Amino acid sequence: MKILIAYYSYTGNTEKIAQAVERLLSDQQVSIARVRPVKDYRGPFTEVLSALFRRKSAVEAAVTDLEGFDLLVIGAPIWCGRPAPPINSYLKELQNCAGKQAVTFVSSRVGGYRDSLREKSEEKGLQVLETLAFEKAILEEAELTRLKEAVERCQQK
Ligand SMILES: Cc1cc2nc3c(=O)[nH]c(=O)nc-3n(C[C@H](O)[C@H](O)[C@H](O)COP(=O)(O)O)c2cc1C
């Protein structure tokens, strides 16, 4: 099965999780794409406002087309209770999403944000199989098991 892991990370926690996911799924054909803002991080105040008002910031990523992929695993840090803006921009740019399966994951300091990437993903026509949440970048075993189970469900379809 062809899987794309796409993520945004500012301080490295989400990247650590994305890399753990890549290792966990190493028996599949996995590609990994880090989303990078075109402009540098503009300081916490501007970025927090962007998160609050759900603004889009220009981004670039190695892969922006899901053609040929069976599953998207997409992840972002939580800023001000919402996914960091660059991941919204990436989702907006992403092509050929309709009917594709997805697993979302978020990385935050405290819990409670599990489903925050679901709506934006579903708006793109993605079918969200599972939503994962990691606190303080701890690779919680239960979350990784949920991911494995979602991949198995995807393979059975
Ligand atoms: C601007 C900003 C806002 C944040 N807002 C929240 C928040 O509302 N809730 C929370 O639990 N963590 C919040 N955090 C913490 C990050 O979500 C957390 O450290 C995450 O793991 C960072 O991921 P990263 O290292 O991939 O950037 C915030 C961090 C930043 C920089």
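In which loop is the place of Asn96? In this predicted model, Asn96 is placed in the loop that lies between helix 3 and strand 7. Although Asn96 is not a glycine, its phi is positive, at about 55 degrees, and because 14 C-beta neighbours lie inside 10 Å, Asn96 counts as partly exposed. A positive phi of about 50 degrees is also found at Lys136, again not a glycine, and the place of Lys136 is in the loop between strand 8 and helix 5. Lys136 has 11 C-beta neighbours inside 10 Å and therefore counts as exposed.

Leu91, which is found in helix 3, counts as buried because it has 24 C-beta neighbours inside 10 Å. When neighbours within four places in sequence are left aside, the contacts of Leu91 are with Lys120, Ser121 and Lys124. The C-alpha atoms of Leu91 and Lys124 are 7.5 Å apart in space, whereas the two residues are 33 residues apart in sequence.

Strand 7 is mostly covered, with eight of its eight residues buried. In a regular strand, side chains alternate between the two faces of the sheet. Both faces of strand 7 are covered, with Gln101, Val103, Phe105 and Ser107 buried on one side and Ala102, Thr104, Val106 and Ser108 buried on the other. Strand 7 pairs with strand 5 in the parallel sense over seven bridges, and Gln101 of strand 7 stands opposite Leu71. The pairing of strand 7 with strand 8 is likewise parallel and extends over eight bridges, with Thr104 opposite Thr131 in strand 8.

Strand 1 (residues 2-7) and strand 2 (residues 29-34) run parallel and are joined by six bridges, and the bridge partner of Ala6 in strand 2 is Ala33.

The largest nonpolar core comprises 37 residues, and those with the most contacts inside it are Ile5, Ala6, Tyr7, Leu71, Leu72, Val73 and Tyr90. Elements that each supply at least two residues of this core include strand 1, helix 1, strand 5, helix 3 and strand 7, together with strand 8 (127-135) and helix 5 (141-156). Strand 5 gives the most to this core, with six residues. For Leu72, the contacts beyond four places in sequence are with Leu4, Ala6, Leu66, Lys100, Ala102 and Leu126.

Of the 20 residues around the ligand, Ser9, Thr11, Asn13, Thr14 and Pro77 come nearest. The shell around the ligand divides into nine nonpolar, eight polar and three charged residues. At least two residues of this shell are supplied by each of helix 1 (13-24), helix 2 (44-52), strand 5 (71-79) and strand 7 (101-108).

How values were computed
Residues are numbered from 1 along each chain as its sequence is written. This is a predicted model: local features need pLDDT of at least 70, side-chain atom pairs count only at pLDDT 80 or more; totals for chains, interfaces and linings use all residues. A residue is near a molecule or strand if its C-beta atom, placed from the backbone, lies within 6 Å of it. Helices (H or I, at least four residues) and strands (E, at least two) are DSSP runs, numbered from the N terminus. Ala, Val, Leu, Ile, Met, Phe, Trp, Tyr, Cys and Pro count as nonpolar, Asp, Glu, Lys and Arg as charged, and the others, Gly among them, as polar. Two strands pair if DSSP finds at least two bridges between them. A nonpolar core is a set of buried Ala, Val, Leu, Ile, Met, Phe, Trp, Tyr and Cys residues joined through C-beta atoms within 7 Å. A residue is buried if 20 or more other C-beta atoms lie within 10 Å of its own, exposed if 12 or fewer, and partly exposed in between; C-beta atoms are placed from the backbone. Two residues are in contact if their C-beta atoms, placed from the backbone, lie within 7 Å.
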